[in-house]
Amino acid sequence: MHAIRIGVAAPGSRIDAALAEKVTQLAEARFGARLVLRFHPQCFLSWGHFAGTDEARAAAFLELANDPDLDAVWIARGGYGACRIVPRVLSGLNPVAAEKSYLGYSDAGALLSALYARGFKRVSHGPMPADSLREGGESAVARALDFLVEGAPATIEASVDGATPTAALNLTILSHLLGTPNEPDLAGHIVMLEDVSEHLYRIDRALCQLTSNANMRRAAGLKLGRVSLVPPNDPEFGQTPEHVIRHWCGVSGIPYLGTADIGHDIENKIVPFGVCA
């Protein structure tokens, strides 16, 4: 039986070797010889905020993406930095890279969106190795591995129907992609949004921008994932995230389609970009 081979890179912030060892042990316990998990040494580099220089992070991602022996590239964690390496990555990809699966979320959305915008068809929003640091995070890591190794339907967000194209992104990341060459074409997609550690007025501002975008107004609808760890506001903002998204969907005419089971937490389900076979 062919073992699934997954490479892990860190386009943004670094991880510790202990985290990689923990996730490797989880993978071995769950799949044994059916899975080979390879953490690139770049994951452990440190250059200020980042897991190595822009050049080092791009080179590591390209090494994994272009490796014909790997089946998937898994993003180690978010943080910040993926957007800084997108041009280098896009200019260095070979045809092999387009056949792989890519999984991550949060800051990684900048890179995943750029791949999807270039026609990559196996890009998904979902848990990362760093989620093992959360209480109970082993379940999130197991979900990601079940998806990458087996394509397990139970790992996928329940509203994904296999017929309507979908996408899921951090709201702040997506709003920053608008108007750039890496803005994905989400016409006809159900777009699921989540965020973390943002004031509610920033959520409101991002949704104002998002729903004013001509591309986004061609979406099939928006769903709201979890907006967590919201800092206190003075004065109190006075609206919930759902109030805010309902308002801007009403203003823009984009259908609001309810909630989605995604977010910066261990319950974060997987959402493929495009149509999930």
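A residue is called exposed when its relative accessible area is over 50% and buried when that area is under 20%. The legends below describe close-up views of a predicted model.

View 1. L229 lies in the loop between β8 and α8, and its phi is near 50°, a positive value in a residue other than glycine. Most residues other than glycine have a negative phi. Because the relative accessibility of L229 is 65%, this residue counts as exposed.

**View 2. S106, a buried residue with a positive phi.** The loop between β4 (101-104) and α4 (109-117) contains S106, whose phi, near 60°, is again positive although the residue is not glycine. With a relative accessible area of 14%, S106 is buried, because the limit for that term is under 20%.

**View 3. The cis peptide bond between D234 and P235.** The bond that joins D234 and P235 is cis, with an omega of about 5°, and P235 is located in the loop between β8 and α8 (241-252). Most peptide bonds are trans.

View 4. The structure holds 1 cavity of 30 Å³ or more, and the volume of the largest cavity is about 40 Å³. Its lining includes L171, E194, I203, V227 and I245, and divides into 7 nonpolar residues, no polar ones and 2 charged ones. At least two lining residues come from each of β7 (190-196), α7 (200-212) and β8 (221-228), and β7 gives the most, with 3 residues.

Terms used: Residues are numbered from 1 along each chain as its sequence is written. This is a predicted model: local features need pLDDT of at least 70, side-chain atom pairs count only at pLDDT 80 or more; totals for chains, interfaces and linings use all residues. Side-chain values use heavy atoms; hydrogens and water are left out. On a 1 Å grid over the protein atoms alone, a cavity is a set of points where a 1.4 Å probe fits but cannot get out, and a pocket is an open set with protein on both sides within 12 Å along at least five of seven lines; lining residues have an atom within 4 Å of a point. Grid points are joined across faces, edges and corners, and a volume is the space filled by probe spheres set on the points. Helices (H or I, at least four residues) and strands (E, at least two) are DSSP runs, numbered from the N terminus. Ala, Val, Leu, Ile, Met, Phe, Trp, Tyr, Cys and Pro count as nonpolar, Asp, Glu, Lys and Arg as charged, and the others, Gly among them, as polar. Buried means under 20% relative accessible area, exposed over 50%, partly exposed in between (1.4 Å probe, protein chains only).
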